[in-house]
Every structure is written in structure tokens, then in C-alpha cells.
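Morning, everyone. Please have a look at the structure on the screen, and then I'll walk you through it.

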Amino acid sequence: MATVWHQWLRKSIQSSSTLRAVHTLKVDPSQPMLKSPPLISLDLPDVWTSNVMDFDPPSIGECSNERRARVIDGKLMAEKIRAGIAGEVIRMKESIGKVPGLAVILVGHRRDSQTYVRNKRKACEEAGIKFAMAILPDSCTKDEVCEALSSFNGNPSVHGILVQLPLPDHLDEEKILNLVSLEKDVDGFHPLNMGNLAMRGREPLFIPCTPKGCIELLVRSGVDIMSKKAVVIGRSNIVGLPASLLLQARPNIPSPPASFRIHWKKFVQRHHATVSTVHALTSNPEQITREADIVVTAAGVPNLVRGTWLKPGAVVIDVGTCPVEDPSSEHGYRLMGDVCYEEAVMVASAITPVPGGVGPMTIAMLLVNTLNSAKRAFNFH
């Protein structure tokens, strides 16, 4: 009995002390509760400053006696994946009479966006995936885009929806992307998909296509990721951020069919890298990048990463695709990556070319996401 009374007395004293403490605090409503500002106010644009365009690459003769990096052929790897997707689509059609469907919303007349959409349409047709598209003018309103989105969201024959970026400046990309149905967000940009990607023990419905393709390139090239030092150059929501998360995470994905199981075991065991992010405000990007065993660069600046930035033997995944004027080219321009390729091949052990590296794999991952979405919708295994 005495023990119970002492416990009650102790609680009573603590409670009254707490109340007195609260009432003796000096309240100053003019002072903010927190000193740290809202996160959105801290966002700064990544504006890279560089003079790397002035580059005279060495001639082939100068490089002929030197060791050159192995080229990671993204086009060839993507073709193999797309062939597997086509086989799965045929199996689905023969079993349940259904096929996956992808819908794209294209706003404006940007030449690069039109090219990307044309490539996606061709890839879908070759794989047997139904393709639909809504084309809107540059001057369209947010309501018009939302109406097209709503139509695709409610269409049961559409299993994946993609809004081709960038959108015109007067349209709010974030608000529009948030309206894409979570179950059809094959780009993986929905906040819930990104949030689940960031959290341990969670699994997003979709992983963004380009970062997913980067990991697949590394895995199919036999590159060890676990315990390696990796640097991601760029921190966009589309590539940089999810690429960093994927390199350091191991997805909790259900086991695949038996035909893929050997490759799958290699995939789930080769994550857990130690990842650093380099961006336009990083004070010593060259030094940080030179320590990396794996470099994934997505800054969108031609020739930003020079040979001196790379550790000998590093593996380089170049996501950059920058159109640079070239009168000698058929189209008047050529695509260049973030990496100075002519210098990097003399230092790295393996590298993706531009074009022909990450681009084809991105489209292949889009088809994979669309196929998986259709399988979920139809409960097809």
C-alpha cells in the first residue's frame, strides 16, 4: 500500500511541476517557433558554370597505343529486354486476350520531345503494346492537360501514363504530375512512388525509368555496386535523386519467373553503395568525383566531366544528352553527353556512349513498367 501511495505522490509532484513550468514560460508571439526556413524556400536552381566547351579531342592516332574503356552498349541490352517484353505481351494476349496500354501527353512542338515520343511509340508498336497520345498546343491551359489526364486515368485499357517533359513555362509540372493515377505512374514521379523509393522497407509501384535503366546497365555489365563509392552528378527529381536512392538501396521486389532468376540474384545482391551527390553549388566537384568507383552524371552540360575528374578504372554512366550545333551532321546538330568521352575512355574501365547508352535503356524500362502495371491490373502472372 505504501508503495502505491509513493508512486501516486511522485506522479502528482511531477505533474504539478510541469504545469508550473509551462505557465512560467515567457511567450513572445513575434518570435518564430523554428529558425530553419521551409524546405521549398531553400531550393536553388542548379546552374552549372563551365568553360569545358573549348576542347580539342586527341586524334585517333594519339590514342591508338593507349588502353581504352569498354563501351557499355545500351542499345544492344535494351533490344534483349524489349524482345523479352514482346514475348510476355504475346503470352498475355494468348492467355487472357488483353495487352498493355501506354498513353502519352505531348504539349507543344519541341523537336526533341517529338523525337522522344516518336521513339516510344515505335518501341511500343514493336513490343505489341497499345499506344495512345494526346497532343496539345503550347498555349493550352492547365485544365486542358488535366482533362486529357483524367480521360487516361479512367480508361481501363491504359495501364501507363506519361507526361512528356518539359512542359511550357506557364504550366505547373508538379501539380500536373501529381494528378497522374498512382497505379499508372509508369514514370515513377508521383510523390508516393518517390517517397516509397526513399524509405527502407517500402517498395514503389514504379521506379523512374532512367535511373532504373542506369542500374540495369551496371548489373548487366557485371559491375559490383555493393560497398563501392558512387558519385551522382546532378540532383533532379527525374534522374539524380532516384539514382542516388537506387545505388544505396536494395529493393524488396518479389521473385521473378524462373527464366530470370539467375540474373535476378545478381541484381538484388549488388546495391548498397556509398553515395555522394555533386551539384552546381558543390565547391570541389572534381575532387569528390575522382574518388568514385562508379560515376552517374545527369547535369545536362556538355563535356562537364573531364578525364581529370575520373579515378582510373571507374565505371561511367553518362545520362546527359545535349544537342550541340554541328553543320556536318545530317540534322544540323549532334548529341553530346556530360562526359568528355574522348578523355574519359582513356581513364575509365567502362563507359556508356551518347547516344546509344542510357537512352535506349530508358525506353526499355518504360515498357517494363507498363507491362508490370498491366499484369497487376489483370492479376496476370
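Contact here means heavy atoms within 4.5 Å. Keep in mind that this is a predicted model.

Let's start with Leu102. What is Leu102 in contact with, leaving aside its neighbours within four places in sequence? The list includes Cys124, Ile129, Lys130, Phe131 and Ala132. Gly160, Ile161 and Val186 are on it too, and so are Leu366 and Thr370.

Now the core. Leu102 is among the residues with the most contacts inside the largest nonpolar core, which has 55 residues. Ile85, Ile129, Leu218, Leu247, Val296 and Ile317 are the others named there. Which helix gives the most to this core? Helix 14 does, with ten residues. Apart from this core lies another, of 20 residues, including Val145, Leu149, Leu171 and Ile176. As background, nonpolar side chains tend to be buried together in soluble globular proteins.

Next, helix 14 itself. It covers residues 358-378. Its 21 residues should span 30 Å at 1.5 Å a residue, and the end C-alpha atoms are 30 Å apart, which agrees. Of those 21 residues, 16 are buried, so helix 14 is largely enclosed by the rest of the structure. After the helix comes Asn379, with a positive phi, near 50°.

A word on rings. Arg376 lies over the face of Phe206, 4.8 Å from the ring centre.

Last, cysteines. Cys124 is at 0% relative accessibility, so it counts as buried. Cys214, at 2%, counts as buried as well.

Key
Residues numbered from 1 in each chain as written. Predicted model: local features only at pLDDT ≥ 70, side-chain atom pairs only at ≥ 80, totals over all residues. Heavy atoms only, no water. Helix = DSSP H or I, 4+ residues; strand = E, 2+ residues; numbered from the N terminus. Expected span 1.5 Å × (residues − 1). Buried < 20%, exposed > 50% of the residue type's maximum accessible area, 1.4 Å probe, protein only. Lys NZ or Arg CZ within 6 Å of the ring centre and 35° of its normal. Core = buried A, V, L, I, M, F, W, Y, C linked by side-chain atoms within 4.5 Å.
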